[in-house]
Amino acid sequence: MRAEANVNDITAVNSQGVRYGGPINNLLAMEFQDRDGSDTSNDQLNFTVDYQFDDVFVKFQVGRSTSESYVSDFGTEFNLNFQEGVDTGLADVGVYYDYDADANTPGWGVTSGAENWLANPTSEMYLNGFFKREQFRENNENYFQGDVTWSLDNDFYITSIESGFKIRKKSSKNSRYLANSKRAEGQRIIAGELASGTISGVRDGVGTFPQAFFDVDKNLRDDIWQNDHLVVDNLDNCASALAADGTGYRGCRTGFQQEQAQFYDQGSDINEAYIMANIGGGKWRGNIGVRFVDTERSSLNYQSVGVDELGNTIWQPVSTQSDTQDVLPSINLSYNLTDELVIRTAASKVIDHPSLAQLRDGYDISGTYDDQGAVQEEDSQRVGVVGNPDLASYQANQFELGLEWYFTDSSLVGITAFYKDLKNIIRSQTSIRDLTGAGLYTNDGQLAEGEYAITSNYNVGEQQINGYEVQLQHDFGNGFGVQGNYTFINVPDEEFTSQDFTPITETDENGDVIVTGFETDTPYTENVRSEGNSKHTGNAQVYFENESFSARLSYNYRSQYFVGPNSQSDLVVDDRQSIDMKMTYQITENIMSTFSITNLLDEAQEYYFIRKQIEVPEGGIPQGQEAYYTQRKEKVAGNNYTTGRNFYVGLNWNF
């Protein structure tokens with residue numbers, strides 16, 4: 001018997017509003033991934049040569065850095081064990097969401113009497129996903145750099161000229177391998193076969209969805225994987241392999257097979273050159289220069305191009321090349337108004353390259369049917385994603401003007417106003433593309449024909465940011481001192497062009513809704529919140545230093561910032577503050593010990609939804625997965641993450 005009716009019948013649980021269930025099997029599932037192996041190595045090698053002759057100083061540098069990582073996971077995924085006509089212990093169990101308006105916290109729970117099996121289940125849950133995964137990553141960078149400084153003595157206010165170049169070659173490679181499994185027809189491995197009886201407790205305080213309840217016994221898990229599953233090359237051949245073997249295996253498993261969709265081999269060649277003149281005379285000084293940056297990128301990944309006669313996906317390598325050229329001027333000037341008062345100004349153009357993932361070509365297309373041959377939901381039909389190798393660099397023209405007061409030789413108070421004009425902001429957008437004749441295949445192995453809604457990245461965003469920064473630094477002269485700064489940023493919405501579309505559908509002979517194409521609306525200008533920018537940030541430090549010992553206590557604050565749009569509303573990270581401490585002691589001339597604590601107050605990172613954007617139907621009771629928003633608050637708690645206090649002890653030896 002099924003328990004869904006019990007879930008949906010739960011109403012008026014508390015005075016704050018309605019608790020809601022939804023399909024119970026989706027609400028209550030457990031994922032457990034045991035990271036049973038990992039290794040990381042990093043190597044750096046740098047060589048520097050300096051040479052001085054007369055008024056010319058020359059410096060050459062060559063270096064290489066490498067990092068390699070390996071991760072091994074063993075995953076188990078459990079779902080509620082509903083079986084028609086079979087009592088699996090769930091007959092009187094209801095699962096619900098709740099929103100406590102007083103605590104401003106969403107939560108979840110089960111009806112009375114069900115808590116025990118959550119901590120130590122027997123037949124109430126069954127093993128659905130069962131897999132091993134290994135991942136290998138490698139990153140390399142080689143560089144060669146040369147710089148020349150020519151000191152001058154002339155009447156043209158040019159004190160020196162600097163020029164140089166830097167050649168960098170970067171590469172990044174990722175490979176992932178999966179050993180998956182499948183249960184035989186009629187076989188269900190229940191949670192009681194893997195639960196050790198060690199109760200970790202029901203976690204019910206945070207988050208939208210519960211994730212873990214009981215502990216998986218690793219010995220029992222390993223035994224079922226090793227001895228109850230027949231090794232096959234393809235899980236689609238599991239039934240015939242089990243019938244031929246006839247020894248009573250409960251399912252099949254594969255050896256490690258490469259996940260071609262997760263493979264990438266990316267590289268970039270970055271060539272830079274610059275020239276800068278240092279200028280000055282009397283009370284003023286500064287520099288003016290220009291930097292040239294040429295970037296060439298390449299990417300290799302795999303794309304599905306159909307299936308073979310055995311149903312195996314056919315993968316084809318896709319190579320992508322792109323390049324950008326940027327000219328970046330800059331100027332910095334300062335003027336001594338008095339011996340203690342200095343005014344500064346600066347202007348420059350800066351860039352940030354798009355990520356290789358955003359540039360990488362290769363379609364990922366979802367068709368009408370899933371890999372089991374069933375018709376997908378309407379919003380999952382005829383959609384796909386693809387990278388954009390033609391993306392330009394993210395650009396910013398920035399200007400600042402500041403005033404600094406040096407009230408002692410090592411103390412100052414300063415204020416700086418700044419302005420940034422951002423161009424080519426990368427945004428993800430969806431457009432309608434006719435893929436007829438393109439030779440592309442959907443994830444279920446069908447040739448892609450007709451219109452598809454394809455999401456890609458485009459340089460469509462623009463934004464202007466302004467603000468100011470205040471800083472303070474003071475040394476008391478006895479080893480003690482203070483430092484601090486505060487920054488205010490006025491962050492208006494980003495502006496870019498967008499377009500909506502409506503699926504064209506028809507109903508087939510089975511009554512399923514089939515998407516056949518799309519109607520597009522007129523493009524319009526859209527304003528969205530800027531991601532990752534806090535309006536207020538600040539930090540303060542108190543320190544003590546002498547020849548052998550130093551100690552610093554730091555306070556950091558950051559106001560809330562926008563993470564990104566959610567299907568229900570905007571998701572933001574709440575205000576956050578932290579206190580860190582660091583101490584060092586010089587044991588000998590070559591040996592130094594360090595001790596530090598980060599997040600001393602154990603502050604969590606809390607995610608919130610902007611409640612006022614969520615639509616509430618007539619009657620005031622939200623529906624669907626947003627139902628725990630039962631109060632009309634502007635900010636509703638979402639997930640909560642904590643890293644805890646982190647302690648570091650180190651010993652540095654210079655030789």
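Me: Is Cys252 buried or exposed?
Reply: This is a predicted model, where local features need pLDDT of at least 70, side-chain atom pairs count only at pLDDT 80 or more, and totals for chains, interfaces and linings use all residues. Residues are numbered from 1 along each chain as its sequence is written, and side-chain values use heavy atoms, with hydrogens and water left out. Buried means under 20% relative accessible area, exposed over 50%, and partly exposed in between (1.4 Å probe, protein chains only). Cys252 has a relative accessible area of 0%, so Cys252 is buried.

Me: Which residue forms a disulfide with Cys252?
Reply: A disulfide is a pair of cysteine sulfur atoms within 2.5 Å, and the structure holds one. Its sulfur atoms are 2.2 Å apart, and the partner of Cys252 is Cys238.

Me: Where do Cys238 and Cys252 lie, and how many residues apart?
Reply: Helices (H or I, at least four residues) and strands (E, at least two) are DSSP runs, numbered from the N terminus. Cys238 is in helix H5 (residues 238-245) and Cys252 in strand E9 (residues 251-253), so the pair links distant parts of the chain, 14 residues apart.

Me: Why is the disulfide of Cys238 and Cys252 right-handed?
Reply: The handedness follows from the torsion about the S-S bond. For Cys238 and Cys252 the disulfide is right-handed because this torsion is about 85°.

Me: What is the relative accessible area of Asp265?
Reply: Asp265 is found in strand E11 (residues 264-281). Asp265 counts as partly exposed because its relative accessibility is 30%.
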